Structure formats: structure tokens, C-alpha cells
Amino acid sequence: MPCPRTILSPDLMIRIFHFLTPKTLKTVMLVCKSWMEMADDPTLWTWAMVTVNSREDYRKLNIPRLKMIQEIRVNKWHTKQYHEFPWKYGGDMMELFQLMVTIPTLTTIHGIEFHDLFNVERRLMATVFNRLESINLIHELTLQQQECLFTALGEKETNVKTLIVDCDVSELRPSLFASGVTNIHEVMLINDEITREQARAVFVGINEGGKPLMKLYAQSCIIDSIEPRLITSAANRLVEFTTDFYNSDDQYETDQDENDYVTDEDEEELDDTNEYKETWREY
């Protein structure tokens, strides 16, 4: 159909389109070719969240209008090919990261922690992760991947605000581990493989001062063998410091009330609710 007559410039039209709801914006694209081209501007689609269910969905990340999105959801892949050929699946993750690195505004990747990343090139993975606001490390990464990632996390320009370490990083040099941890605002250390030397290096780094780290939760780390004065001094520099550790009475000390625990049924219901709320944003 013919385009509606307008005396407004494309730039001004795009500014007007910014006030539209996502549903209305999608409708605007159907008006005519000219309006579709203007509504295709990436700045109008930052609210969208691309959902990747399989390799076939990778094409979504090549759509020009989605080159400034902030969130991606990578769902679990329950396929026969994945279980029979995990090496090929790792290759799929490499391709996904190559696409995600072309989206500099990306700050959140939901579900990536459920996928094996051992085949992703270490510098590529570090670049993508370093742009995120939160990282949940439960992956089995190679030592080279870990070194590259923690080197990136230790740099001033990292965008990461929250870091959860729940994977085996025991081979990392304590100084490198500490430089990455103390450069993040909020950190949770919840893996049994974190060594005493690594944990001690973190507290030493905190005591040196001038670190961005504000909140630290250290669980299952060997902190009971670290000098109490070192821990106390570091804790006094933080906004919040909590821990649970195995004491001489063979009891765990924790600040979490048993009523705070969420059952599997509660988690499933919460996931369903969140999925419903997010449907309008999916692409």
C-alpha cells in the first residue's frame, strides 16, 4: 500500500517510534516499505530478547534490527545429536559466541551456564563474558579459558558486576584469581575446589584497598585456616561479608534461614511465571 504522506524526516520519525509499545512498533512495520525501513532501526529494538532453542535460531542474531539487543536466552538442547556428538555441540557454541561478539550491547545471556563451552576460543569467550553484567561460572572450562577470562575480569573496563564461582578453578594462579575476584562489585565463592592460597590472595587483595569488591560471600572455602586478623581486616573494608564454614564442632554455620530454601516445585512454578511475563519480549 502507498506510504502515508509525511513531512517529517526519517530521524524525527524514528524518535517518535521510540514512544511506541513493542506491539505497536511491530504493527508500524506493516504499514509500508518506508515505515518498515525506519522502524527497522536497531535503537528501537533494544527491549527485545532473542531466544535460541537450536542452531537454526542463530539466524535471528544476524537480523540488523536486533544488533543492539541486551538479552539473549539460550535454552537447553534436548536432542539425540547433542548426547551422541558433544564435540559437534561444542562447535555450535563456538558459532554462537562468534555471533554474540558482534552485539556490543549484550549484557545478559540467560541459560548459558547449562551448556558446555570447552570448544569456545578462549579470547572470544572472555570478550563476550566481560561485557555481561553477571557471570555464573559453573562450566567446566579449560585452564587456558579460565586464565583468559580472569585476566579480562581483572581489567578496569570490565562490565561485570556480579560473579558466582561454582566450578573448579584450583589450577588458577592465586594472584590471577584474586585480581579478577576483587575487581567485581559482588562475588560468591561457592566451590569446594577453591584453594586456601586462592582464598587468602583474595583477602590480601581486599586489604590492599582501592578494590571495587563490595560484597563477598565465601562458602565451602578453606578460610578457617587463614589468619583471623587478615579476614577481619578485609571484612571491615567490605559493605557485606558472609560465610559458612566447617568448624571444630562439625557443624555448618550459615546466615540462611531454612524457610529461605526454595523447593523444586517452587522453582518450576517461578520459572513458568517468569516465562509467561517475558513472552512479549521474545524474538
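Let's start with an open sheet of five strands, which pair in parallel in the order S4-S5-S6-S7-S8. Strands here are DSSP runs of E with at least two residues, while helices are runs of H or I with at least four residues, and both are numbered from the N terminus. Two strands count as paired if DSSP finds at least two bridges between them. The edges are formed by strand S4 (134–137) and strand S8 (240–244), each of which pairs on one side only.

Look next at strand S7 (residues 215–219): five bridges join S7 to S8, and the two run parallel. Tyr217, for instance, has Thr242 in S8 as its bridge partner.

## About the model

This is a predicted model, in which local features need pLDDT of at least 70 and side-chain atom pairs count only at pLDDT 80 or more, while totals for chains, interfaces and linings use all residues. Residues are numbered from 1 along each chain as its sequence is written, and side-chain values use heavy atoms, leaving out hydrogens and water.

## Salt bridges

How many salt bridges does a search of the whole structure find? There are seven, where a salt bridge means a side-chain nitrogen of Lys or Arg within 4 Å of a carboxyl oxygen of Asp or Glu. One of them joins Glu95 to Arg55, with the closest N and O atoms 2.7 Å apart. Glu95 sits in helix H5 (residues 86–100) and Arg55 in the loop between strand S1 (49–52) and strand S2 (71–74), so this pair ties together parts that are 40 residues apart in sequence. Glu95 is partly exposed at 26% relative accessibility, and Arg55 is partly exposed at 37%. On this scale, buried means under 20% relative accessible area, exposed means over 50%, and partly exposed is in between (1.4 Å probe, protein chains only). A network of salt bridges links Arg55, Asp92 and Glu95.

Another salt bridge pairs Arg196 with Glu227, whose closest N and O atoms are 3.8 Å apart. Arg196 is in helix H9 and Glu227 in the loop between S7 and helix H10 (228–237), so the pair links distant parts of the chain, 31 residues apart.

## A buried loop residue

Is Asn191 buried or exposed? With 11% relative accessibility, Asn191 counts as buried. You can find Asn191 in the loop between strand S6 (186–189) and helix H9 (196–208). A polar atom of the Asn191 side chain lies 3.5 Å from the backbone oxygen of Asp166.

Methods
Polar contact = N/O pair within 3.5 Å; in protein donor to acceptor, adjacent residues only side chain to side chain.
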